[in-house]
Amino acid sequence: MEKQKTKGSTKKGTGGYSNITVKKETATRFRSYSKKFGKSHSEVLDAMVQYFKENHLDPFGEGTKIIINSIKKLERQMMKKFDRLIAIIKNMEKTSIRPTYEMMLILYEAYVKDGRKPRREPVQIQEERMDFLEPRNTVPKVEYDRILQEFKEYKKHCNEILNSVDKVEPMMGKPYLKINMGIRDFESLKYQLR
């Protein structure tokens, strides 16, 4: 920053001023423009000149016109693409959405004209399937019976373990589950599951 001496003291940021002759209308426009930024006229003008230099802009040259023309060209291209998208959507409406809607509407109107009321069919819940354990041609009947018996015993044993589970709610801490099982039974279960 420049320093200027005034009456023996130095002020930082103040520089010498120079006059520029501009038309009165231009000066009025510039003053109202620079008020928008809340800065001095010098700061606004300096920022404008710096912007033109950094971006290699010439306010009177072809550069500005080229940029404006390329923006307008880009805008025209985008509008053409939007028009194509709108045409595609309208085509989809004509060929797929509206015919489906109209067919459903015709069917509904025919259904209403018949005077029939919609009837609800009961929902069928599938029963527990055990057909995966049924004998197949590749498994002998004896082996199938043995596997079925083991499955039933295993299911019975799992139910016994589940019935021996208690919920414990301590005074401090989270609740947890406790299995009421002897050490022998626990070791036996571990051995069976290996």
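Which residue forms a salt bridge with Glu169? Select Glu169 and look for Lys167: these two make the bridge, and their closest N and O atoms are 3.6 Å apart. Keep in mind as you click around that this is a predicted model.

**Next stop: helix 4**

The count of salt bridges comes to 2, so there is another to visit, given that a side-chain nitrogen of Lys or Arg has to come within 4 Å of a carboxyl oxygen of Asp or Glu. Select Glu150 and Arg146, whose closest N and O atoms are 2.8 Å apart. Why do these two line up along the helix? They sit 4 residues apart in helix 4 (residues 141-163), so about one helical turn separates them. Glu150 counts as partly exposed at 44% relative accessibility, and Arg146 as partly exposed at 43%.

**Over to helix 3**

Now colour residues 62-114, which make up helix 3. Pick Lys72, Lys73, Arg76, Lys80, Lys81 and Arg84, and you'll have a patch of positive charge on the surface. Zoom in on Arg84, which lies in helix 3. Is Arg84 buried or exposed? Its relative accessible area is 54%, so Arg84 is exposed.

**Last stop: the aromatic rings**

How many aromatic pairs are there to look at? The count comes to 2. Start with Tyr33 and Phe37, an edge-to-face pair with ring centres 5.1 Å apart and 75° between the planes. Show the surface again and you'll find Tyr33 partly exposed, with a relative accessible area of 34%, while Phe37 is partly exposed at 45%.

Then move to Tyr51 and Phe52, another edge-to-face pair, this time 6.3 Å centre to centre with 65° between the planes. Tyr51 counts as partly exposed at 48% relative accessibility, and Phe52 counts as partly exposed at 32%.

Key. Residues numbered from 1 in each chain as written. Predicted model: local features only at pLDDT ≥ 70, side-chain atom pairs only at ≥ 80, totals over all residues. Heavy atoms only, no water. Patch = residues over 30% accessible without salt bridge, like charges linked within 9 Å, V, L, I, M, F, W, Y side chains within 5 Å. Areas by Shrake-Rupley, 256 points an atom, 1.4 Å probe, with all protein chains shown as cover. Lys, Arg positive; Asp, Glu negative; His and termini not counted. Charge placed at Lys NZ, Arg CZ, Asp CG, Glu CD. Buried < 20%, exposed > 50% of the residue type's maximum accessible area, 1.4 Å probe, protein only. Phe/Tyr/Trp six-rings, centres within 6.5 Å; stacked < 30°, edge-to-face > 60°.
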